[in-house]
Amino acid sequence: MALVASAVLAVPVAILNLWLYLSFDNGSPSLEDAQSFDQLNALLALPALLTMLATVVLYLRWLRLSVKTANALGLSNESTGWATFCWFIPFANLIKPLEVVRGLWQGLGGPPERRSMLTAWWATWILSNIISNVGNTFARADSTSATSLSVSLLAGILSEGLSIAAAVLCIRVIADIESLLVARRAEAEAAMTGATP
């Protein structure tokens, strides 16, 4: 649910960036448009921050529990602590979280033909963050430069679009892993009772 809220909140942020970009007159926005943008952006900042924090907490909780369940079923040997905390370790967080999710997917018997969805999710997530950082760097570099503002706004639009795509793909990845977990649990329970699934 938090991922859906994040994707939904990204839409008005992208639209706001697009609106200001399109309102440029002679290379820059009017003072009134810039002030309106700042006010609207400030209104969206707190809900976006709270949604992001909720998303992080809920996603990492889900990932930890999924890895723990896969470990209990003998389908993974990933550390639940590492699966959670690798997201916060610089440079490792560029690759290791994908490896954790991919290992979980493979351990649960995820279909190989759908593995590209994992790569697409991760690529859109990383790219969204890189572009967002570039946009923020331009915005801070020279706030009076029309070029810096223009690049910052375009980066914001692209970043939010990729963020929405990453959220949709992540929701799909979670749904698939949950289905795989349910199937593997049913198989394990059937094996314990001697019945066939």
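Student: Is W62 buried or exposed?

Tutor: W62 is buried, because its relative accessible area is 13% and buried means under 20%. Keep in mind that this is a predicted model.

Student: Which residue does W62 form an aromatic pair with?

Tutor: With Y59. Their rings sit 5.6 Å centre to centre, with 45° between the planes, and the pair is tilted.

Student: How far apart are Y59 and W62 in helix α2?

Tutor: Three residues, so they are separated by about one helical turn.

Student: And Y59, buried or exposed?

Tutor: Buried. Y59 has a relative accessible area of 10%.

Student: Which residues form one aromatic cluster?

Tutor: Y59, W62, W87, W121 and W122.

Student: What is W87 in contact with, leaving aside its neighbours within four places in sequence?

Tutor: Y59, L60, L63, N93, P97, W121, W122 and W125.

Student: How many aromatic pairs does a search of the whole structure find?

Tutor: Five. One of them is Y21 with F24: their ring centres are 5.6 Å apart and their planes lie at 45°, so this pair is tilted. Y21 counts as partly exposed, because its relative accessibility is 28%.

Student: Switching to the largest nonpolar core. Which residues touch the most other members?

Tutor: Y59, L63, W87, V101, W121 and I177. The core has 29 residues.

Student: Which helices each supply at least two residues of this core?

Tutor: α1, α2, α4, α5 and α6. The largest share comes from α6, with seven residues. Another core lies apart from it. That one has six residues, among them L16, L20, F37 and L153.

Student: What about the surface? Which residues form a nonpolar patch there?

Tutor: L46, L49, L50, M52, L53, V56, F85 and F88. Together they have about 790 Å² of accessible area.

Student: Which helix gives the most to the nonpolar patch?

Tutor: Helix α2, residues 31-72, with six residues. L53 lies in that helix. L53 counts as partly exposed, because its relative accessibility is 44%.

Student: New topic: salt bridges. What does the count come to?

Tutor: Five. In one of them, the side chains of K96 and E78 meet, at 3.8 Å from N to O. This pair links distant parts of the chain, 18 residues apart: K96 is in helix α4, and E78 is in the loop between α2 and α3.

Student: Are K96 and E78 buried or exposed?

Tutor: K96 is buried, and so is E78.

Student: What does R172 form a salt bridge with?

Tutor: D176. The closest N and O atoms are 2.6 Å apart. R172 is partly exposed, with a relative accessible area of 38%. D176 is buried, at 9%.

Student: And R184? What does it form a salt bridge with?

Tutor: E187, with the closest N and O atoms 3.0 Å apart. Both lie in helix α6, three residues apart, about one turn of the helix. R184 is buried, with a relative accessible area of 18%. E187 counts as partly exposed, at 37% relative accessibility.

Student: Which residues do salt bridges that share partners join into one network?

Tutor: E78, K96 and E99.

Student: Last one. Where does S159 lie?

Tutor: In helix α6, residues 146-193. S159 counts as buried, because its relative accessibility is 5%. Leaving aside its neighbours within four places in sequence, S159 is in contact with S128, I131 and S132.

How values were computed: Residues are numbered from 1 along each chain as its sequence is written. This is a predicted model: local features need pLDDT of at least 70, side-chain atom pairs count only at pLDDT 80 or more; totals for chains, interfaces and linings use all residues. Side-chain values use heavy atoms; hydrogens and water are left out. Patches are made of residues with over 30% relative accessible area and no salt bridge: like charges are joined within 9 Å, nonpolar side chains (Val, Leu, Ile, Met, Phe, Trp, Tyr) within 5 Å. Accessible areas come from the Shrake-Rupley method with a 1.4 Å probe; for residues, only the protein chains shown count as cover. A salt bridge is a side-chain nitrogen of Lys or Arg within 4 Å of a carboxyl oxygen of Asp or Glu. Helices (H or I, at least four residues) and strands (E, at least two) are DSSP runs, numbered from the N terminus. Buried means under 20% relative accessible area, exposed over 50%, partly exposed in between (1.4 Å probe, protein chains only). Contact means heavy atoms within 4.5 Å. Rings of Phe, Tyr and Trp (its six-membered ring) pair if their centres lie within 6.5 Å; planes under 30 degrees apart count as stacked, over 60 as edge-to-face and the rest as tilted. A nonpolar core is a set of buried Ala, Val, Leu, Ile, Met, Phe, Trp, Tyr and Cys residues joined through side-chain atoms within 4.5 Å.
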